[in-house]
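Q: I would like to go through this structure with you, one topic at a time. Could we begin with what joins the chains?

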Amino acid sequence: MTTTLGKWIETIKIGWSTHTAYRLNFFLQIIGPALVFFFVKYNLWSSIYGGDPNTVIGGYDFNSMINYHVWTLIVGLLAQGHMGVNMAMDIRYGRISAYLIYPINFWEYHSASFIAFELLQLMISLLTIGIIYSLGLVALPSFFQFMGAIGFCFVVSCFWFSIQYISGMLAFWLEETWMIRIMFGIISAFLSGAILPLELYPEWLVQSLEYSPFPYMTYYPVKIFMGENVNILKGLLIVVAWTSLTGFIASRLWKKGLKMYTAAGM
Amino acid sequence: MSFKQYKEVYSQFLAASISEETSFRANFILLIFLDLFFYASTIFTADFIYDHVSTIGPWGRDQLLFFISFMLVVDSIHMATVSTNFWLLGDNLKNGNLDFTFLKPISSIFIVFFRYIRPTAFLSFFVALGLMIFYGLKLNLPAISWSIIPILIVLASILKMLIEFCISTLMFWTTEGIGINFLRMQFQQLSRWPFFVYSPLPRRILMFIIPVLLIGSAPVSFIYSIQTWNLMAYLVIAIIVFYFLLKFLWKQAAIRYESASS
């Protein structure tokens with residue numbers, strides 16, 4: 001038990017070092033896009049509201065709209081930042097052979113790397129919240145709601161990781177898998193409320209998404225951060241169900257893919 | 001080398017790229033879907049906003065959707081002709097493949113940025129073009145506007161390429177190329193909304209220092225009102241400035257380049 005835990009801790013440390021080795025790269029790849037996305041939305045909504053604090057669009061006045069997008073930035077960092085590009089590279093370049101002699105398997109290695117990434121993102125998010133709060137751009141919810149939202153984001157990040165894992169596994173069959181990751185990113189950004197609050201979407205579209213994972217990836221955790229009453233249990237159940245399903249699919253893909261795997265250079 | 005020889009080399013690049021891309025059919029189809037999803041999410045985002053507001057800045061729904069589809073046309077040209085090469089530059093710098101590029105009797109900028117072409121994006125180009133024509137017709141654009149649109153698309157594409165070539169050249173100074181590519185994509189993100197949505201300071205920076213806002217805003221504003229000719233003049237000046245900046249940066253980059261393979 002102690003040995004297993006030690007292996008995980010050491011691998012998480014390696015993952016941390018890998019993520020922080022090229023700091024500029026990490027900033028430009030992970031944090032930069034989230035900040036630019038927020039910057040564009042801030043300017044866009046400032047232009048739409050035109051400085052009128054009384055204008056209400058879809059139930060949002062200017063401050064609550066900016067509040068919504070600030071928390072979208074945080075949820076994006078916490079729950080949807082991880083990229084599974086290394087998994088696909090490991091498979092494509094035949095590097096999974098090396099895991100045969102590692103004391104930790106492919107799944108454990110990448111999961112530990114994901115945990116390291118999440119710890120790093122948690123630190124960055126807390127720092128960002130601190131800066132944004134001190135600028136007066138956002139109001140903090142109660143401690144329990146805040147912790148609940150962080151926990152919800154972690155569950156969503158597990159779902160996100162399982163999707164990244166599936167896209168990585170597809171490298172057994174496809175030459176390139178980046179387009180699947182990008183495609184899922186585009187669809188989820190659009191349908192999860194990361195670009196616009198779901199109140200601005202047509203009613204039929206919002207209703208049809210109720211049992212899909214999308215509203216729970218951004219809109220729900222943002223609403224928890226904003227201190228609004230949402231059905232957390234229902235959201236959690238749906239995300240956990242989707243994570244279990246995608247985890248099962250990833251495991252099946254791994255088994256099938258491994259059977260047809262030929263190690264490059266062996 | 002003469003223009004004719006460059007044309008022959010480019011046709012060989014194109015033939016090789018078509019052959020390579022069509023040999024992986026699943027990738028080919030996925031790339032088309034990727035573009036279509038991107039177009040749909042971009043158009044619907046603006047459309048949903050206009051369900052709740054009548055104007056954004058001075059523009060109504062069809063004016064903004066025409067701007068967005070104009071940018072999609074420019075994006076698709078960019079995707080088809082140069083986008084793949086930005087990602088390969090980072091790899092080539094790390095594994096020393098540029099040694100051969102610098103030795104060839106042809107412009108190294110040409111080989112580095114025009115070697116790989118993405119034929120699927122030519123298909124997406126027609127979808128984007130269809131959208132632009134659809135929204136242009138809704139705006140009842142006059143014949144003179146339609147006649148200058150091709151020239152404006154070419155100018156916008158040239159500026160977009162030159163800015164991104166300059167940004168990508170920074171990879172010679174960084175160890176990893178991925179971060180620079182993400183930086184480049186963030187500038188694309190900024191350029192996808194018209195200049196008037198930005199507050200004065202970022203607007204000035206993004207129009208006159210790193211002029212990504214001129215790519216779409218200058219031509220489309222010019223189509224709507226000839227009185228905004230000054231924006232088009234800035235666009236032409238930006239093309240000239242960034243052409244010389246690229247030449248300068250590339251020269252410095254070549255001096256700095258250390259072969260990873262030797």
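Q: How many residue pairs are in polar contact across the interface of chain B and chain A?
A: The rule finds two such pairs, both at pLDDT 80 or more. A polar contact is a pair of N or O atoms within 3.5 Å; within protein, one must be able to donate a hydrogen and the other to accept it, and residues adjacent in sequence count only if both atoms are side-chain atoms. The model is predicted, with local features needing pLDDT of at least 70, side-chain atom pairs counting only at pLDDT 80 or more, and totals for chains, interfaces and linings using all residues. Residues are numbered from 1 along each chain as its sequence is written, chains are lettered from A and ligands numbered from 1 in the order in which they are written, and side-chain values use heavy atoms, with hydrogens and water left out.

Q: And how many salt bridges across that interface?
A: Zero are found between chain B and chain A, where a salt bridge is a side-chain nitrogen of Lys or Arg within 4 Å of a carboxyl oxygen of Asp or Glu.

Q: Which elements of chain B give two or more residues to the side that touches chain A?
A: They are helix 2 (25–50) and helix 8 (178–191) of chain B. Helix 2 of chain B gives the largest share, 13 residues. Helices (H or I, at least four residues) and strands (E, at least two) are DSSP runs, numbered from the N terminus.

Q: How much area is buried there, and what gives it?
A: About 3200 Å² is buried between chain B and chain A, 80% of it from carbon and sulfur atoms. Buried area is the accessible area (1.4 Å probe) that two parts lose on being put together, summed over both. On the side of chain B, the residues that lose the most area to chain A are B:Leu34, B:Phe48 and B:His52, together 18% of what that side buries.

Q: How many residues does each chain bring to the contact?
A: Chain B brings 35 residues and chain A brings 37 residues, with contact meaning heavy atoms within 4.5 Å.

Q: What does B:Gln186 touch?
A: Not counting residues up to four places away in sequence, B:Gln186 touches A:Gly32, A:Pro33 and A:Val36. B:Gln186 sits in helix 8 of chain B and is buried, at 10% relative accessible area. Buried means under 20% relative accessible area, exposed over 50%, partly exposed in between (1.4 Å probe, protein chains only).

Q: Changing topic: where is B:Thr81?
A: B:Thr81 is in helix 3 (residues 61–95) of chain B, buried at a relative accessible area of 13%. A polar atom of its side chain lies 2.6 Å from the backbone oxygen of B:Ile77. Beyond its neighbours within four places in sequence, B:Thr81 is in contact with residues including B:Phe113, B:Tyr116 and B:Met161. The C-alpha atoms of B:Thr81 and B:Tyr116 are 7.4 Å apart, although 35 residues separate them along the chain.

Q: Is A:Ser167 buried or exposed?
A: A:Ser167 is buried, with a relative accessible area of 2%. Its side chain reaches the backbone oxygen of A:Gln164 at 2.9 Å, and A:Ser167 also touches A:Thr177, A:Ile180 and A:Arg181.

Q: Last one: how many disulfides are there over all chains?
A: The search of the whole structure finds zero, a disulfide being a pair of cysteine sulfur atoms within 2.5 Å. For A:Cys158, the nearest cysteine sulfur is that of A:Cys153, 11 Å away.
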